[in-house]
Amino acid sequence: MLLWIPWQAYFQRVLSSSSATYAQVLSFLAAFGCIVMAIPAVLIGAIGASTAWNQTEYGVPDPIANKEADMILPIVLQYLCPVYISFFGLGAVSAAVMSSADSSILSASSMFARNIYQLSFRQNASDREIVWVMRITVFLFGASATAMALLASSVYGLWYLSSDLVYIIIFPQLLCVLFIKGTNTYGAIAGYLFGLVLRITGGEPYLYLQPLIYYPGCYPDENNIYVQRFPFKTLAMLTSFFTNIIVSYLAKYLFESGTLPPKLDFLDAVVARYSREHMDKATLVKSDNIVLNELAPVNPRHSLTLSSTFTNKEAFNYVDSSPDLSNTEDN
C-alpha cells in the first residue's frame, strides 16, 4: 500500500487543488474511482485467461505460454473483437500511450529546467535561457525514452521498475519534507543516491538485470536470473530515509559550528537559511562562521538630544575666537 502513496500523478493533483477540503474530497473519491476503473481491466484479463485461443486466429500456444500476458489488452481487441472495435480500441490505446509519454517528457524537462538548472545552478537565468534548456532536455529525454523502449524486453518491467523507484526514492523524500524539519538538500541528494544504488544492484527479473548484491534467499528463475526473496526494496527505502536525515543534520552541524566555511555551502541549503535581516551583529560574530564583510549594515544610533547632533561646534569656536567688534566701534 505504501507504494502508491507518493505516486506523482496523485500529489500533482492534490497540490493543484484550490483548497485543502477539495484536496481531501478528491483523495477519497479517487480511491473509489481507482477501484471502479480497475473493473474493466480485470474483466479483460479474465476473458483472456478463459479464452480457447486455439479456436481463434491467434492459434496455439496461448498468450501466457508465449509470455505475452502483459499484452492481453491489444490481443483481446485484435482477435476477439470486430474489426471496427479493434481499429478504434487500438487507436484509443495508442493515443493514450502517446499522450502519457509526451506529458511525462514535457513535465520531466520542465522540472529539470526549473527545479534543478535554475534553482541549483543558474538562479539569475532568463526566461529565454530556461526555454532553451527545456527544449534541449525534451530532445534528450525523448531520445533516452526511445532507446529504453527499443532495448527493453518488457514495458511492464519498465513500469514496475519506475514504481519501485517512486517508492524507494520519492517516498522517503516526501516523509522528510512533511515531518522532518531539519532535512536539507545535501541529505536529499545522499538519500537519493543510496536508494538508487541499492535498488539497481538488487536486480530486476523483468528487465533481465542480474543483481550485484545477493541477499539471503535469492534463487535463479527459468531464465537463470536471480530473484530476491529478501525485502531489499524496503531496505533501500529505509536506507534512503535515514541517510537523508543523518546527512542533513551532519551538514547542518558542520556549517553552524564553523567546521566548514560558508563558501562550501554551494547549494545554499544551510547558511542561506539564516536571514541577515533578523540576526544581530553579536550573533553573527559569535557564530564564527561568517566573515565581517558579510555582516548586514548596522544603522548608527543617534544621540538623545538634537542639539548635540546638529550643532556646528567649529562655528562656535570661530565666534569665540573673533575680536569684540562693539568695543572697536566705541573707540
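Is Phe 87 buried or exposed? At 61% relative accessibility, Phe 87 counts as exposed (over 50% relative accessible area; under 20% is buried and anything in between is partly exposed, with a 1.4 Å probe and protein chains only).

## Basis of the model

This is a predicted model, in which local features need pLDDT of at least 70 and side-chain atom pairs count only at pLDDT 80 or more, while totals for chains, interfaces and linings use all residues. Residues are numbered from 1 along each chain as its sequence is written, and side-chain values use heavy atoms, with hydrogens and water left out.

## Overall architecture

The secondary structure of the protein chain comprises 12 helices and 2 strands. Both element types are DSSP runs numbered from the N terminus: helices are H or I runs of at least four residues, and strands are E runs of at least two. In sequence order, the pattern is α-α-α-α-α-α-α-β-β-α-α-α-α-α.

Of the 331 residues of the protein chain, 24% count as buried. The accessible surface comes to about 23,500 Å², and 67% of this belongs to carbon and sulfur atoms; accessible areas come from the Shrake-Rupley method with a 1.4 Å probe, and for residues only the protein chains shown count as cover. Among contacts (heavy atoms within 4.5 Å) with a separation of 6 or more, 56% are between residues 24 or more positions apart.

## Annotated transmembrane regions

An unreviewed UniProt entry lists residues 21-51, 71-97, 130-152, 158-180, 192-215 and 235-255 as "transmembrane region". UniProt positions are given in the numbering used here, feature names are shortened, and annotations may be inferred rather than shown by experiment.

Two of these spans can be described from the model. Residues 21-51 are 97% helix and 0% strand, with end C-alpha atoms 46 Å apart. Residues 71-97 are 85% helix and 0% strand, and their end C-alpha atoms lie 14 Å apart.

## The nonpolar surface patch

Phe 87 is located in helix 4 (residues 83-121). Together with Tyr 84, Ile 85 and Phe 88, Phe 87 forms a nonpolar patch on the surface, with about 490 Å² of accessible area in total. Patches are made of residues with over 30% relative accessible area and no salt bridge; like charges are joined within 9 Å, and nonpolar side chains (Val, Leu, Ile, Met, Phe, Trp, Tyr) within 5 Å.

## Salt bridges

Side chains of opposite charge can pair when their charged atoms come close. A salt bridge is counted here when a side-chain nitrogen of Lys or Arg is within 4 Å of a carboxyl oxygen of Asp or Glu, and the count comes to 4.

Asp 164 forms a salt bridge with Arg 199, with the closest N and O atoms 2.9 Å apart. Asp 164 lies in helix 6 (residues 155-179) and Arg 199 in helix 7 (residues 185-200), so this pair ties together parts that are 35 residues apart in sequence. Both Asp 164 and Arg 199 are buried. The side chain of Arg 199 also meets that of Glu 204 in a salt bridge (2.4 Å, N to O); Glu 204 is buried, at a relative accessible area of 3%. Through shared partners, salt bridges join Asp 164, Arg 199, Glu 204 and Lys 233 into one network. Elsewhere, Glu 129 and Arg 122 form a salt bridge (2.9 Å, N to O). Glu 129 is partly exposed, with a relative accessible area of 21%, and Arg 122 is partly exposed at 39%.

## Surroundings of Ser 248

Ser 248 lies in helix 8 (residues 232-256) and, at 0% relative accessibility, counts as buried. Leaving aside residues up to four places away in sequence, Ser 248 touches Gly 182, Thr 183, Asn 184, Gly 187 and Ala 188. The C-alpha atoms of Ser 248 and Ala 190, which are 58 residues apart along the chain, are separated by 8.9 Å.

## Cysteines and a cis peptide bond

A search of the whole structure finds 0 disulfides (a pair of cysteine sulfur atoms within 2.5 Å). Cys 81 is partly exposed at 26% relative accessibility, whereas Cys 176 is buried at 1%.

Most peptide bonds are trans. The peptide bond from Val 60 to Pro 61 is cis, with omega near -5 degrees. Pro 61 is placed in the loop between helix 2 (20-50) and helix 3 (72-79).
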